[in-house]
Structures are given as structure tokens and as C-alpha cells.
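This briefing goes through one protein structure by topic. Please keep the sequence and the 3D view open while reading.

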Amino acid sequence: MNALRRNVLKGAAGASTVAIAIAAGMLRPTQAMAAWNAPAFDAKNVGDAMKGLGVSAPADSKDILIKAPDIAENGAVVPVEVTSKIAGTTSIAILAEKNGTPLVGDFTLSGGALGFISTRIKMGQTSLVRAVVKAGGKSYTAAKEVKVTIGGCGG
């Protein structure tokens, strides 16, 4: 039997098994979705996003490092890394302050996970990229300006 034909048949069998499980109600797509903090993600400004995250007056910290390009050629794909050296870091949120909805991501860390996030974000225009870290019941923040030459949020 041709190896390509064998792989196609395996894929078709797997897809049909998943389709039958969904139709029978044994597998629900909503079960795989992450928690959604609607007030924070739907906020139109940084203050409302912070309220949605449960953060008020975070302290500036030099123990939060933001690695992002000084100039982003394309705002649709801006690589951002956030490292928290604060002991007991439980969450890291990333905000692009001038985006229509500034909260880009909110990551929960558990089980003594390393305070590190690496992702790619969209930015509509030049603005501060802000990281908000929760650790030990307190909130900390740091920011870095990223200049955008071509906006990635429809701009």
C-alpha cells in the first residue's frame, strides 16, 4: 500500500472519530477555552483594564524586564518577552497602552512556574508596552516604549 494513501486514510479516520464524538455530545469545544476576563479585555483604556485585572496603583519595579524591539517594522507582529525576578510571581499581564483594547494578554502562573512570558502582540501605533506582575498579594509594573512604523490593528 502507498505510504501517502495510508496517511490520508489515518487522518480521515481520526477526523471522523472526532466528528462523531462532537455530534454525540461527548466532546464540547467550549470545554477547551481558557478563562475569559471580559471586563479587563473589553476595556477601552488602561485604567479600566487595570480595574478589570484587580490592580490599583501598582508599584514600579526594576525586577521586571521587558524585551521588545525599540522600533517594530510591522505592528501586526511585535515580539515581546517579560521576565519577572520578583519571588512568588503568580500572574503577568501585557498591555499596549494606545491600542483600542489595551489588554493584550493575561497569563496566570502556578506551581512555582518561572516568571517568564514570550509572545507576539499587535500594536496599532507607537506606545508604551506595559507589564503588570502580581506577586505576594501586591502588584508591580514596568513599561517600555515601542515605536511602530506600520500599525497592526487596522491602521
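Contact here means heavy atoms within 4.5 Å. By that criterion, the buried residues of helix α3 pack against α2 (38-41), β5, β6 (103-108) and β8. The model is predicted. The protein has three helices and nine strands, and buried residues make up 32% of its 155 residues.

**Overall layout**

- Along the sequence, the elements follow the pattern α-α-α-β-β-β-β-β-β-β-β-β.
- Among contacts in the protein with a separation of 6 or more, 62% are between residues 24 or more positions apart.

**Nonpolar cores**

- The largest nonpolar core has 23 residues, of which Ile64, Val78, Val80, Val82, Met123, Val129 and Val146 touch the most other members.
- At least two residues of this core come from each of β2 (64-67), β4 (78-84), β5 (89-96), β7 (116-121), β8 (127-135) and β9 (138-148).
- Another core, of 11 residues, lies apart from the largest one; Ala40, Met50, Leu53 and Val132 are among its members.
- Which residues does Val82 contact, leaving aside its neighbours within four places in sequence? They are Ile64, Leu65, Ile92, Ile94, Gly115, Phe116, Ile117 and Ala131.

- Helix α3 covers residues 46-53, and its buried residues are Ala49, Met50 and Leu53.
- Seen down the helix axis, these buried residues fall within an arc of 100°, so they line one face of α3.
- An α-helix has 3.6 residues a turn, so residues three or four places apart point the same way.
- Two of the buried residues of α3, Met50 and Leu53, are also listed among the members of the 11-residue core.
- Asn45 caps the N-terminal end of α3, with a side-chain oxygen 3.2 Å from the backbone nitrogen of Gly47.
- Just after α3, Gly54 takes a positive phi of about 80°.
- Ala57, in the loop between α3 and β1 (59-60), has a positive phi of about 50° although it is not a glycine.
- Most residues other than glycine have a negative phi.
- Is Ala57 buried or exposed? Ala57 counts as exposed, at 75% relative accessibility.

**Salt bridges**

- How many salt bridges does the structure hold? There are two.
- In one of them, the side chains of Lys144 and Asp70 meet at 3.2 Å, N to O.
- This pair links distant parts of the chain, 74 residues apart: Lys144 is in strand β9, and Asp70 is in the loop between β2 and β3 (71-72).
- Lys144 is partly exposed, with a relative accessible area of 22%, whereas Asp70 is exposed, with a relative accessible area of 53%.
- The side chains of Glu97 and Arg130 also meet in a salt bridge, at 2.6 Å, N to O.
- That pair, too, links distant parts of the chain, 33 residues apart: Glu97 is in the loop between β5 and β6, and Arg130 is in strand β8.
- Glu97 counts as partly exposed at 24% relative accessibility, and Arg130 counts as buried at 15%.
- Buried means under 20% relative accessible area, so Arg130 falls on the buried side of that cut-off at 15%.

- Ser84 lies in strand β4 and counts as buried, at 8% relative accessibility.
- The side chain of Ser84 reaches the backbone nitrogen of Ile86 at 3.3 Å.
- Not counting residues up to four places away in sequence, Ser84 touches Asp63, Thr89, Ile92, Gly115 and Val133.
- Thr141 is found in strand β9 and is buried, with a relative accessible area of 3%.
- With residues up to four places away in sequence left out, Thr141 touches Pro58, Ala59, Asp60, Ser61, Ile64, Arg130, Ala131 and Val132.
- Among these partners of Thr141, Arg130 is also part of the salt bridge with Glu97, and Ile64 belongs to the largest nonpolar core.

Conventions
Residues are numbered from 1 along each chain as its sequence is written. This is a predicted model: local features need pLDDT of at least 70, side-chain atom pairs count only at pLDDT 80 or more; totals for chains, interfaces and linings use all residues. Side-chain values use heavy atoms; hydrogens and water are left out. A nonpolar core is a set of buried Ala, Val, Leu, Ile, Met, Phe, Trp, Tyr and Cys residues joined through side-chain atoms within 4.5 Å. Buried means under 20% relative accessible area, exposed over 50%, partly exposed in between (1.4 Å probe, protein chains only). Helices (H or I, at least four residues) and strands (E, at least two) are DSSP runs, numbered from the N terminus. The arc is that of the directions from the helix axis to the C-beta atoms. A polar contact is a pair of N or O atoms within 3.5 Å; within protein, one must be able to donate a hydrogen and the other to accept it, and residues adjacent in sequence count only if both atoms are side-chain atoms. A salt bridge is a side-chain nitrogen of Lys or Arg within 4 Å of a carboxyl oxygen of Asp or Glu.
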